Amino acid sequence: MAKNIAVILLLLAMGTLFYNLADNFQAADSLNETATYYAENTADEVGTANIVTAIVVTYRGLDTLGEVTILFLTAAIVAFLLKGNTSGVERETRDSSELLKTAAGVITPLIFLLGAYIFINGHLTPGGGFQGGAVIASGLILLLLAKPESKAATGLFAVVESISGLAYVALGIAGIFLAGGFLDNSILPLGKVGDLMSAGAVPVIYILVGLKVGSELAGLLAKFHSMQGDK
Amino acid sequence: MLSNILVIILVLLMLASAITAIQAKELVVSIISAGLVSLLASVLYLMLSAPDVAMTEAAIGSGLSTIIFFYVLNKVRGGENG
């Protein structure tokens, strides 16, 4: 009884709070100062058609580097805690259904293509390295579910991840020497806004981020997958 | 106006699946409904013109984290809440 009263009181308090928030809310009828700057200067300074990408990769590029580092740390901790199947005993797996196997064969290449499309076109259309990488990892997990006995190439994932991470930081440092500062994208020619080969280093950085995030998430899921059999 | 009605329907569905996730007896049902909350949230993000966030939410929130929950559930099964 006392618990129910507490829950009702809590709900009432939250309701009051959120009602005030909704009641006092007024949509801004013009962009604020920072947003105006981004909207007016992105095309000239960065050359991306997608302003969100310009903010994520260039104006706030250091934050993206931090996010990638956090993801790397997570993957490293999971790899440290889950050692995988070390018993050497072949695990017994139930055969997955014919439906799943056939569908995985047809759909997985398309999922990989979509993932690559998302991060290659990150500077033109919505999406980018993180989204594309996550899509690629979900395609890989579909493959693992269709063929539970197969082993994912976790060593290859580690190599791809390390190389793309290093190249990302190296591109950032190249910006210090060749352009305006760390992670400046104008080390490559900016090109025409809207072209695939435009926006300087942004597409290169997003391809690297996509490969890194994809291999990190895929390696993480493959670790969980390989843990399933042993006791 | 029409989009407002759609948003309200989406939010009510999200609330319903969130409550299902808490109240369901079977953990499998809880995991599926928690994934459903993310999926509906990603549609909502798309309607609020944030396609970048919607993509991340759909791929990670409703895809990969649901799979990880299933792997962990399969691993801990046989315990108290089996």
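**Helices of chains A and B**

Over residues 1-22 of chain A, the chain is 95% helix and 0% strand, with end C-alpha atoms 31 Å apart. Helices (H or I, at least four residues) and strands (E, at least two) are DSSP runs, numbered from the N terminus. UniProt, in an unreviewed entry, lists these residues, 1-22 of chain A, as "signal peptide". UniProt positions follow the numbering used here, feature names are shortened, and annotations may be inferred rather than shown by experiment.

This is a predicted model, in which local features need pLDDT of at least 70 and side-chain atom pairs count only at pLDDT 80 or more, while totals for chains, interfaces and linings use all residues. Residues are numbered from 1 along each chain as its sequence is written, chains are lettered from A and ligands numbered from 1 in the order in which they are written, and side-chain values use heavy atoms, with hydrogens and water left out.

The unreviewed entry also assigns a domain to each chain. In chain A, UniProt lists residues 14-83 as "domain: MrpA C-terminal/MbhE". This span of chain A is 77% helix and 0% strand, and its end C-alpha atoms are 44 Å apart. In chain B, residues 12-77 are listed by UniProt as "domain: MrpA C-terminal/MbhD" in an unreviewed entry. That stretch of chain B is 89% helix and 0% strand, with 32 Å between its end C-alpha atoms. Chain B as a whole has 3 helices and 0 strands, and its elements run α-α-α from the N terminus on. Along the principal axes, the C-alpha atoms of chain B fill a box of roughly 50 × 25 × 10 Å.

The account now returns to chain A. As "transmembrane region", the unreviewed UniProt entry lists residues 64-82, 103-122, 128-146, 158-183 and 203-222 of chain A. Among them, residues 103-122 are 90% helix and 0% strand, with end C-alpha atoms 28 Å apart. Residues 128-146 of chain A are 95% helix and 0% strand, and their end C-alpha atoms lie 27 Å apart.

Helix H5 (residues 98-120) and helix H6 (residues 129-146) of chain A have axes that come within 8 Å and cross at roughly 165°. Axes are lines fitted to C-alpha atoms, for helices over the stretch in contact, and angles run from 0 to 180 degrees between N-to-C directions. H5(A) and H6(A) are therefore roughly antiparallel to each other (angles over 145 degrees count as such). The residues of their contact divide into 16 nonpolar, 8 polar and 1 charged. Here Ala, Val, Leu, Ile, Met, Phe, Trp, Tyr, Cys and Pro count as nonpolar, Asp, Glu, Lys and Arg as charged, and the others, Gly among them, as polar.

A second pair in chain A is formed by helix H7 (residues 154-178) and helix H8 (residues 202-226), which pack at an angle of about 150° with their axes 8 Å apart. H7(A) and H8(A) are therefore roughly antiparallel to each other. In their contact (heavy atoms within 4.5 Å), residues of H7(A) including A:Phe157, A:Val160 and A:Leu171 meet residues of H8(A) including A:Ile205, A:Leu208 and A:Lys212. The residues of this contact of H7(A) with H8(A) divide into 12 nonpolar, 5 polar and 3 charged.

Side chains of opposite charge can pair when their charged atoms come close. A:Glu216 forms a salt bridge with A:Lys212, the closest N and O atoms being 3.2 Å apart; the term requires a side-chain nitrogen of Lys or Arg within 4 Å of a carboxyl oxygen of Asp or Glu. Because A:Glu216 and A:Lys212 are 4 residues apart in helix H8 of chain A, they are separated by about one helical turn. Over all chains, the count by this rule comes to 1 salt bridge.

Conventions. Angles under 35 degrees count as roughly parallel, over 145 as roughly antiparallel, 65 to 115 as roughly perpendicular and the rest as oblique.
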